Amino acid sequence: MGNLQINTTQNVNLDYKIVSIGERIVAFLIDGLILYMYAFLVNIISDALGYIYEDTWTQRGLAAFIFLPAMCYSLLMHSIFNGRTVGKMLLKMRVVRLDGTPVHWSNYLVRWMLRLVDIWIFLGSIGILSILFSEKRQRVGDAAAGTVVTSTKNKTKVSHTILEDVNETYVPQFTNVTLLTDKDVRLIKDTFRIARKSNDFKTLTALRVKVESILNTNSTLYDIPFLDTVLKDYSYYTQKM
């Protein structure tokens with residue numbers, strides 16, 4: 001399994017593990033099983049439509065319409081779930097951009113369209129060969145879209161950087177945290193960690209007052225929740241940039 005290092009716009013180096021071809025195949029098979037079950041359900045619905053509509057073409061048209069989301073399964077899932085399908089979620093994998101910028105829907109579209117070459121026309125042989133012989137384990141669709149499939153299992157701990165752990169559902173409270181610089185956040189984080197560990201509430205209060213003066217805010221949060229939120233908000237916006 002190879003490694004991919006991405007330098008973000010905030011000059012933070014993040015290391016990602018590139019998933020192996022075996023993991024990608026397992027994820028593909030899981031998604032294939034889901035599509036098979038969906039197709040089986042559509043077949044049952046199609047049979048039921050026969051009791052409602054006598055016209056065969058109407059039955060086929062409705063069945064095709066119901067099956068349409070399955071045709072765009074990969075594109076829809078990647079776009080909605082930030083670079084993941086069900087198979088990738090279960091195996092903790094994600095599609096990311098090589099340059100560290102957020103993946104745009106057009107990137108997913110390119111990957112999806114080239115599945116025709118990578119997977120379907122040549123029965124997966126092109127996709128497998130391109131992954132095996134690519135330095136970054138990219139299939140043709142990945143190379144064209146500028147993306148790579150990475151593991152989210154054992155990423156570099158952000159506690160070693162200026163960043164904080166934030167989940168995908170996190171909602172930031174202070175939009176103006178981008179007024180802070182990396183140097184500011186490093187100082188805030190180090191001071192916050194030391195003061196909190198030693199229960200130095202005087203320093204925590206002084207730090208909170210200083211941060212509020214920079215951000216021009218007047219939050220009702222107590223010192224520790226406030227500073228913790230500021231650090232997480234900065235991490236959230238940094239990772240989205």
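What share of the 241 residues in the chain do buried residues make up? In this predicted model, the buried fraction comes to 38% of the chain. The secondary structure consists of eleven helices and four strands. When contacts between residues at least 6 apart in sequence are considered, 64% of them join residues at least 24 apart.

Aromatic pairing was examined across the whole structure, and four aromatic pairs were found. One of them is formed by Tyr38 and Phe67, whose rings lie 6.3 Å apart, centre to centre, with 35 degrees between the planes, an arrangement classed as tilted. Because Tyr38 belongs to helix H1 (residues 21-49) and Phe67 to helix H2 (residues 56-71), this pair ties together parts that are 29 residues apart in sequence. Tyr38 counts as partly exposed, at 27% relative accessibility, and Phe67 likewise counts as partly exposed, at 28%. The rings of Tyr170 and Tyr236 also form a tilted pair, since their centres are 6.1 Å apart and their planes stand at 50 degrees. Here the pair links distant parts of the chain, 66 residues apart: Tyr170 is in the loop between strand E4 (147-151) and helix H9 (182-197), whereas Tyr236 is in helix H11 (residues 223-240). The relative accessible area of Tyr170 is 18%, and this residue is therefore buried, the cut-off being under 20%. A further aromatic ring, that of Phe226, has Arg208 lying over its face, at 4.6 Å from the ring centre.

The side chain of His78 makes a polar contact of 3.3 Å with the side chain of Lys88. Lys88 is also among the residues that His78 touches once those up to four places away in sequence are set aside; the others are Gly83, Arg84, Thr85, Val95, Tyr108 and Arg111.

A polar atom of the Asn107 side chain lies 3.1 Å from the backbone oxygen of Ala145. With neighbours within four places in sequence left aside, the contacts of Asn107 are Arg97, Ala145 and Thr147.

Pocket analysis gave a volume of about 510 Å³ for the second largest pocket. This pocket is lined by 27 residues, of which Arg24, Ile25, Phe28, Arg115 and Ile119 are the closest to its centre. Two or more lining residues are given by each of H1, H3, helix H6 (115-121) and helix H7 (125-133). H1 provides the largest share of the lining, nine residues.

Technical notes
Residues numbered from 1 in each chain as written. Predicted model: local features only at pLDDT ≥ 70, side-chain atom pairs only at ≥ 80, totals over all residues. Heavy atoms only, no water. Phe/Tyr/Trp six-rings, centres within 6.5 Å; stacked < 30°, edge-to-face > 60°. Buried < 20%, exposed > 50% of the residue type's maximum accessible area, 1.4 Å probe, protein only. Lys NZ or Arg CZ within 6 Å of the ring centre and 35° of its normal. Polar contact = N/O pair within 3.5 Å; in protein donor to acceptor, adjacent residues only side chain to side chain. Contact = heavy atoms within 4.5 Å. 1 Å grid on protein atoms, 1.4 Å probe; cavity = no way out; pocket = protein on both sides within 12 Å on 5 of 7 lines; lining within 4 Å. Points joined across faces, edges and corners; volume = space filled by probe spheres on them.
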